[in-house]
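Dear colleague,

Please find below the sequence and the structure that I am handing over to you. My notes on what was found follow directly after them.

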Amino acid sequence: MAFIHPIIQAIAIVIGPYAGYLGWQRFMRRRFHWKRHIRVGFAFFVMIITGTVMGFAITYFLEGGIFKTGFHALLPFIIVPLLSIGAILGYILSKRNKGRALPTLHMSINYFTVLLIFLQAYWGVGVLTEFLGSR
Ligand code: HEM
Ligand code: HEM
């Protein structure tokens, strides 16, 4: 049960950079897999949100409360809003071409959020090691 959250997030951490790679093709004006980028980007968004909810739920059930994991419990409050803005911008971009500013903003927010998610995973592995050590 304790592993559901790390597994979802570990898969998301592979999918996110892939969405970023597909987006990079657009930025470089190469052949851009428009539909695949949207599908993969959206899957990434859904997995991080689901994974975050699962993280809190599992901590609640196993530890009897939340906010037990220091920074790992706090960074999601930055990650989730940023990723949501990135996804909303992506949705707007998928409906209509909006010039250069919005794609650049979409790209910057999403790349920055992926970096934060790497940091979150690094802390997560620390939390997991501690959790396993305490059993
Ligand atoms: C809900 C998820 C997402 C949707 C619906 C979405 C949609 C889009 C669309 C429609 C474009 C083309 C914009 C245009 O050129 O007019 C685009 C570009 C791009 N996306 Fe996403 N995207 C999503 C998630 C992501 C994620 C997670 C990343 C990074 C990890 C990302 C990185 C990029 C990049 C780098 C570009 C190229 C920007 C540019 O040309 O300057 N996207 N996205
Ligand atoms: C592979 C990467 C990750 C690993 C190994 C990991 C591991 C863990 C572990 C072991 C817990 C504590 C469970 C417990 O105490 O019973 C936890 C909690 C949590 N995780 Fe992760 N995690 C990862 C990635 C993420 C990501 C990417 C997010 C969100 C963006 C996230 C959000 C949370 C939240 C919100 C909690 C609950 C924190 C609390 O209330 O103390 N985790 N994680």
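H106 is buried, with a relative accessible area of 15%. Please keep in mind that this value, like those that follow, comes from a predicted model. For comparison, the ideal angles for six octahedral donors are 90 or 180 degrees.

Is H37 buried or exposed? Its relative accessibility is 17%, and because buried means under 20%, H37 counts as buried.

Several polar side-chain atoms approach the ligand:

- R26 has one that lies 2.6 Å from an oxygen atom of ligand 1.
- H37 has one that lies 2.8 Å from a nitrogen atom of ligand 1.
- N110 has a side-chain N or O atom that is 3.5 Å from a nitrogen atom of ligand 1.

**The site of ligand 2**

Which residues are the protein donors of the iron atom of ligand 2? They are H5 and H72, each through NE2, lying 2.0 Å from the iron atom. Here, too, there are six donor atoms; the angles among them are 87 to 178°, and the site is octahedral. The pair links distant parts of the chain, as H5 is in helix α1 and H72 in helix α3 (residues 71-74), 67 residues apart. H5 has a relative accessible area of 16% and is buried. H72 also counts as buried, at 15% relative accessibility.

Around ligand 2 there are 27 residues, and H5, F67, K68, T69 and H72 come nearest. By class, they are 16 nonpolar, nine polar and two charged residues. The polar contacts include the following:

- The side chain of H5 has an N or O atom 2.7 Å from a nitrogen atom of ligand 2.
- A polar side-chain atom of T69 lies 2.8 Å from an oxygen atom of ligand 2.
- A polar side-chain atom of E63 lies 3.0 Å from an oxygen atom of ligand 2.

Two or more residues of this shell come from each of α1, α2, α3, α4 and α5. Which element gives the most to the shell around ligand 2? That element is α5, with eight residues.

**A further residue**

Finally, I would draw your attention to P81, which has its place in helix α4. P81 is partly exposed, with a relative accessible area of 40%. P81 and I66 are 15 residues apart along the chain, and their C-alpha atoms are separated by 19 Å.

With kind regards

Technical notes:
Residues numbered from 1 in each chain as written. Chains lettered and ligands numbered in written order. Predicted model: local features only at pLDDT ≥ 70, side-chain atom pairs only at ≥ 80, totals over all residues. Heavy atoms only, no water. Buried < 20%, exposed > 50% of the residue type's maximum accessible area, 1.4 Å probe, protein only. Polar contact = N/O pair within 3.5 Å; in protein donor to acceptor, adjacent residues only side chain to side chain. Donors = N, O, S within 2.8 Å, 3.2 Å for Na, K, Ca; no water. Tetrahedral: all angles 85-135°; square planar, octahedral: opposite > 155°, others 65-115°. Helix = DSSP H or I, 4+ residues; strand = E, 2+ residues; numbered from the N terminus. Near = heavy atom within 4 Å. Nonpolar A, V, L, I, M, F, W, Y, C, P; charged D, E, K, R; others polar.
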